[in-house]
Amino acid sequence: MNLYIKKSLCWFVSLAAATILFNTWVDPYNVYRFSSADTQRMSRIGQGMTMRLSKPWQVNQRGAEAAIIGSSRSGSIPPKHKLWLEKRPFNLSMAGLTLYEMLRTIEHAHANGPLSDLVIGLEYETFISSDYKVGIGFSEKRLARKNSIDFYQQGIQDLFSTTLTASTLTRSIETINRRKPINTWYFPEGHWENKSRIWRGESGYVSVGKNMARLIGSDPSVYSENLTTFAAIIEFCQQQRINTKLFVTPEHIFLTGLRKTIAPKSNWREFHQDIKDINQRFANQYKREPFPLWGFGHMVGVVDEPLPKGDIEEGAWFRDGIHFNGKLGVLIMEEVLTSDNDRAFDLGNNSIDSYMNYIDVIQKQFFDDNKMVVERYLKKIL
């Protein structure tokens, strides 16, 4: 009996060791071999639902000095610019990132960098959403100090879940046996490019529009709570002297008009003024200049591109009205990081009302010129 137990134990340990080595070698979460990762290897399997696990560990290895952060809307922005050539760049964005998660992720990245430069993408829907405080897979312990008990406990838990579970083994097998074309490309710099034909074009706009309609009726206290969290982000960046740039992510003018149609008295306009005021308040408190704040909702030729009749056209700026392509991401980086801004609107130094007036003119013109397709979209959304 003792010999049987010993043999069984040896077999179990050998099987566990082989499973760990196999899953570590395949690395379907892009954690263990991230330092040598390339786009092809990172894109073998979808990473969208596991970023809250993988990105904190990736940041630990990369030690980002310059970063972009936001929701999936900012996820397509390559963290590359001539001003960042001598820095280690990373895109910290994650799908559905909440403001609380943004704060904790910035703190984590700065502790591992430290961060010298930061670009923050903001959108109104993040400020009014009460769906969740943190997304699936988020862990405070994973962002704890490296020498803390919480950090090591989470490390052991993640080691187990990413090497010894059946789900990881399934991911690894799917990864090495992949035959389907890659629809989403993930890059070692943290950004991604979605080439999928699902939920883009008209179906994507309708889906986004329905979600906007759902969120607009949220509890007003949620907005106030999120403004408080945003204030904590700005204060942290001021305290740590991080060279920070803020921008409101662009969206198609149809969705801007949809928001006004659903809730004419929503605080979407006030949102821009509120983030400007918070930014100025902490600049005054620390006796420094406010962080630059940019808007892109007025860009004719971008936000008013034709609504798709089915799938999007080749070269379209938006896939669903809010998620934009890498080409627009590059333009945003250029506008936000350089002083020669000829397309972005300086929300920090100019009137918010003037900006809103520009948007109102574009929106009215677009709705007047595209009545039939706008009505078709509205019928599917409302």
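Contact here means heavy atoms within 4.5 Å. The structure is a predicted model, in which local features need pLDDT of at least 70 and side-chain atom pairs count only at pLDDT 80 or more, while totals for chains, interfaces and linings use all residues. Residues are numbered from 1 along each chain as its sequence is written, and side-chain values use heavy atoms, with hydrogens and water left out.

A nonpolar core is a set of buried Ala, Val, Leu, Ile, Met, Phe, Trp, Tyr and Cys residues joined through side-chain atoms within 4.5 Å. Buried means under 20% relative accessible area, exposed means over 50%, and partly exposed lies in between (1.4 Å probe, protein chains only). The largest nonpolar core holds 90 residues, and the members that touch the most others are I106, L118, I120, F127, F254, F296 and L328. Helix α9 gives the most to this core, with 8 residues. Once neighbours within four places in sequence are set aside, L328 is in contact with P250, M299, V302, W317 and F318. There is also a second, separate core of 5 residues, which includes Y29, V31, L53 and W57. In soluble globular proteins, nonpolar side chains tend to be buried together.

Next come the helices and how they pack. Helices (H or I, at least four residues) and strands (E, at least two) are DSSP runs, numbered from the N terminus. Axes are lines fitted to C-alpha atoms, for helices over the stretch in contact, and angles run from 0 to 180 degrees between N-to-C directions. Angles under 35 degrees count as roughly parallel, over 145 as roughly antiparallel, 65 to 115 as roughly perpendicular and the rest as oblique. For the residues that meet, Ala, Val, Leu, Ile, Met, Phe, Trp, Tyr, Cys and Pro count as nonpolar, Asp, Glu, Lys and Arg as charged, and the others, Gly among them, as polar.

Helix α4 (residues 99-112) and helix α9 (residues 220-239) cross at roughly 15°, and their axes come within 9 Å. The two helices are therefore roughly parallel to each other. On the α4 side, L99, Y100, M102, L103, I106, E107 and H110 take part, meeting N226, T229, A232, I233 and F236 in α9. By class, the residues of this contact are 8 nonpolar, 3 polar and 1 charged.

Helix α3 (residues 51-62) packs with helix α6 (residues 149-161) at an angle of about 120°, their axes being 12 Å apart. This pair is therefore oblique. L53, W57 and N60 of α3 make the contact with F151, G155, D158 and S161 of α6. Here the residues divide into 3 nonpolar, 3 polar and 1 charged.

For helix α10 (residues 253-262) and helix α13 (residues 352-369), the packing angle is about 100° and the axes are 9 Å apart. That makes α10 roughly perpendicular to α13. The contact joins I253, F254, T256, G257, L258 and K260 of α10 to I359, D360, I362, Q363, F366 and F367 of α13. Its residues comprise 7 nonpolar, 3 polar and 2 charged.

With 3% relative accessibility, N279 counts as buried. Apart from neighbours within four places in sequence, N279 is in contact with I234, L246, P290 and F291. I275 also has its place in α11, and at 1% relative accessibility I275 counts as buried. Not counting residues up to four places away in sequence, I275 touches L122, F127, F230, V248 and L293. I275 and F230 are 45 residues apart along the chain, yet their C-alpha atoms are separated by 8.0 Å.

Most residues other than glycine have a negative phi, and most peptide bonds are trans. D27, in the loop between α1 (2-26) and α2 (39-42), has a positive phi near 55°. D27 is buried, with a relative accessible area of 1%, and touches Y32, R33, F34, R41 and R44, residues up to four places away in sequence not being counted. N30 lies in the loop between α1 and α2 as well and has a positive phi of about 55° although it is not a glycine. At 2% relative accessibility, N30 counts as buried. Elsewhere, a cis peptide bond with omega of about -5° joins G113 and P114, and P114 is found in the loop between α4 and β3 (117-122).
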